[in-house]
Amino acid sequence: MQDYAIYSPNTRILRGDDPDPEPSRPVGLFGGRLADAMDELMSRLLDHDPKESTQEQRDAGEDLYDDILELIDWAESVAPETATRHLLSPSVSRGSRVLRFTDRYMADGRNQLTGYDVNEGALYVLFAAVLCLSPSAPGLLAVDNLDQALNPRSATRLTERLAVWLKAESPDRQLLFTTHNPAVIDGLNLADDQIRLFAVERNTSGHTRCERIVPTPELLALNREYPLSRLWLMGNLGAVPNV
Amino acid sequence: MSSLTIAVVAEEQADQVVIEATLTAMVPGDLRVLRLQPEPTGQLEAGPANATPEVRPQGWCGVFEWCLKYRRGEGGDLEDHPLLTASRPDLLILHLDADVADAKYTYCRKKIVAEAAALGALPCVDPCPPPCPPVQPPADALEIVLRSWLSPTAIGPCTVICIPSKAIDSWVAAALPDDSGIKIEGDIECDPDMPARLEALRGKLAVKRKRVGQYKHKRSSEYRKHATRITAEWSRICERCSQARRFHKDLLSAVEYLGLGGASSR
């Protein structure tokens with residue numbers, strides 16, 4: 001247990017407004033250095049030397065980049081750039097790079113947004129992608145409230161992609177995350193034994209218990225009728241407060 | 001003309017992108033487009049061999065699952081379904097690619113296979129319609145199957161069925177510039193290799209697909225690259241693709257029914 005980290009992303013730090021008190025690579029524990037980490041990731045995914053790589057490798061890199069972009073439906077592209085190219089207030093703290101997004105709906109010439117301007121959901125998507133796809137991310141990592149700021153459908157889609165990304169690029173890496181958003185668990189393919197869901201709750205003595213939601217035949221039958229999100233909301237999976 | 005709300009049930013995100021581009025061509029003004037999807041039930045069961053890693057119901061199986069959810073024992077029109085009352089779409093579009101006529105229910109997840117057995121309806125009506133060309137018989141057979149998925153709920157005048165042949169890729173191909181270099185053999189709507197032909201195009205015209213295991217799947221961003229062209233070249237697409245003409249005609253009829261008028265009749 002030497003190579004692990006627990007992340008708690010924070011919107012202001014993801015934007016680069018505030019410095020990360022726990023800087024690290026590829027990203028800080030609170031989400032600092034996101035633009036630099038995306039730059040490194042995109043270089044790895046997209047900048048293959050034609051002589052040193054196969055078409056299959058180049059296609060796989062493009063597929064992963066496309067996977068990320070599909071989760072930000074308004075963005076035509078994401079491209080980290082050096083901070084000096086952008087008009088930013090001197091009061092804005094900045095790293096060496098800023099994220100530049102191209103908005104597909106805005107007019108050419110006025111369709112560039114930086115990480116300081118975009119909706120925070122896009123930043124959380126990139127943050128999760130970096131942790132799953134960057135070789136320098138720890139072998140065991142945890143993210144507190146991965147679903148922050150995400151639309152329910154986006155949260156489901158992002159959760160689906162996490163397993164795909166990990167299996168594609170880092171099959172030995174283990175990701176633990178907490179969520180309070182039912183839509184997230186609809187994205188878990190629990191038919192795959194490597195993907196596991198645990199209900200964390202307190203018993204009548206106040207002790208915290210952690211129980212794996214096993215796809216038993218009974219649960220399987222229920223799930224034919226109800227998505228996991230509804231089963232959770234109805235209390236059938238546990239992990240709901242007594243309110 | 002006031003802004004319309006159009007709900008779309010499409011096989012894939014990429015299909016949704018193309019359909020939205022065609023709607024922009026046909027219906028003037030801003031549109032509110034909703035993508036309707038079934039709830040992701042049955043995710044605890046292992047998927048079929050060709051499934052994408054996504055948990056949500058995918059492709060035509062997802063459309064099938066959506067239809068089962070909206071089927072009502074008491075019948076009535078689909079657009080009057082209580083689930084649609086919150087968003088109140090003016091129009092509803094149901095999409096399937098015509099090549100689904102050759103598919104099998106066993107491609108879907110187990111839950112769907114079981115439902116299909118109870119329904120007794122198959123995408124490819126037995127005996128199968130003659131293969132494309134002509135375009136119409138398999139598309140018509142598929143439309144009958146699509147209606148059977150909803151039956152006894154009926155498809156009302158504000159619901160439009162969209163069945164590109166063999167797949168929506170033919171509409172992308174029909175919109176390409178003359179010098180695109182695409183090699184189409186025979187009828188553009190009957191070419192089963194259209195995705196591969198689009199993928200082989202040069203530069204930014206290429207519509208690449210992503211590989212998942214041994215299968216290739218559509219990338220929505222690749223179709224989005226062509227969205228503006230599809231809108232601009234819609235009349236040309238209609239000239240070349242009979243199913244696009246049919247979609248256009250049916251959509252105009254639905255808009256007329258709403259009493260709004262003003263849709264493009266080019």
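This report describes the sheets, helices and chain contacts of a predicted model.

## Basis of the description

Residues are numbered from 1 along each chain as its sequence is written, while chains are lettered from A and ligands numbered from 1 in the order in which they are written. Because the model is predicted, local features need pLDDT of at least 70 and side-chain atom pairs count only at pLDDT 80 or more, whereas totals for chains, interfaces and linings use all residues.

## The antiparallel sheet of chain A

In chain A, three strands form an open sheet with antiparallel pairing, in the order β2-β3-β4; strands here are DSSP runs of E with at least two residues, helices are runs of H or I with at least four, and both are numbered from the N terminus. Two strands are said to pair if DSSP finds at least two bridges between them. The edge strands of chain A are β2 (75-82) and β4 (112-114), each of which pairs on one side only. On average, and with direction ignored, neighbouring strands of this sheet are turned by 30 degrees against each other, where axes are lines fitted to C-alpha atoms (for helices over the stretch in contact) and angles run from 0 to 180 degrees between N-to-C directions.

β2(A) pairs with strand β3 (residues 97-103) of chain A in the antiparallel sense over seven bridges, and A:Glu81 has A:Val98 in β3(A) as its bridge partner. Helix α2 (residues 34-46) of chain A packs on the sheet, where it touches β2 and β3 of chain A, and its direction makes about 70 degrees with that of β3(A); two residues are in contact if their C-beta atoms, placed from the backbone, lie within 7 Å.

Strand β5 (residues 140-143) of chain A pairs with β1(A) in the parallel sense over four bridges, and within β5(A) the bridge partner of A:Tyr4 is A:Leu140.

## The hairpin of β7 and β8 in chain A

Strand β7 (residues 198-202) of chain A pairs with β8(A) in the antiparallel sense over five bridges, with A:Glu201 standing opposite A:Arg209 in β8(A). Five residues lie between the strands of this hairpin of β7(A) and β8(A), and in it A:Gly206 takes a positive phi near 90 degrees. Strand β8 (residues 208-212) of chain A has zero buried residues out of five, so it lies largely in the open; a residue is buried if 20 or more other C-beta atoms lie within 10 Å of its own, exposed if 12 or fewer, and partly exposed in between, with C-beta atoms placed from the backbone.

α4(A) has 14 residues and reaches 20 Å from its first C-alpha to its last, close to the 20 Å expected at 1.5 Å a residue, the expected span being 1.5 Å times one less than the number of residues. Of its 14 residues, 12 are buried, so α4(A) is largely enclosed by the rest of the structure; among them are A:Tyr124, A:Phe127 and A:Cys132.

α5(A), with 18 residues, reaches 26 Å from its first C-alpha to its last, close to the 26 Å expected at 1.5 Å a residue. The buried residues of α5(A) include A:Arg157, A:Glu160, A:Arg161 and A:Trp165, and what covers the buried residues of this helix includes α3, α4 (120-133), β6 (174-177) and α6 (182-185) of chain A.

## Where chain A meets chain B

At the interface, 24 residues of chain A are in contact with 20 residues of chain B. On the side of chain A that touches chain B, α3 (55-70), α5 (152-169) and α7 (217-225) of chain A each supply at least two residues, and α3(A) gives the most, with six residues. By class, this side of chain A has 12 nonpolar, three polar and nine charged residues (Ala, Val, Leu, Ile, Met, Phe, Trp, Tyr, Cys and Pro count as nonpolar, Asp, Glu, Lys and Arg as charged, and the others, Gly among them, as polar).

## Chain B and B:Ala21

Chain B has 10 helices and six strands. The radius of gyration of chain B is 18 Å, close to the 18 Å that the globule rule gives for 266 residues, so chain B is as compact as a globular protein of that length; the radius is taken over C-alpha atoms, and the rule is 2.2 Å times the number of residues to the power 0.38. Of the 266 residues of chain B, 45% count as buried.

B:Ala21 lies in helix α1 (residues 13-26) of chain B and is buried, with 24 other C-beta atoms within 10 Å. Leaving aside its neighbours within four places in sequence, B:Ala21 is in contact with B:Ala227, B:Ile230 and B:Thr231.
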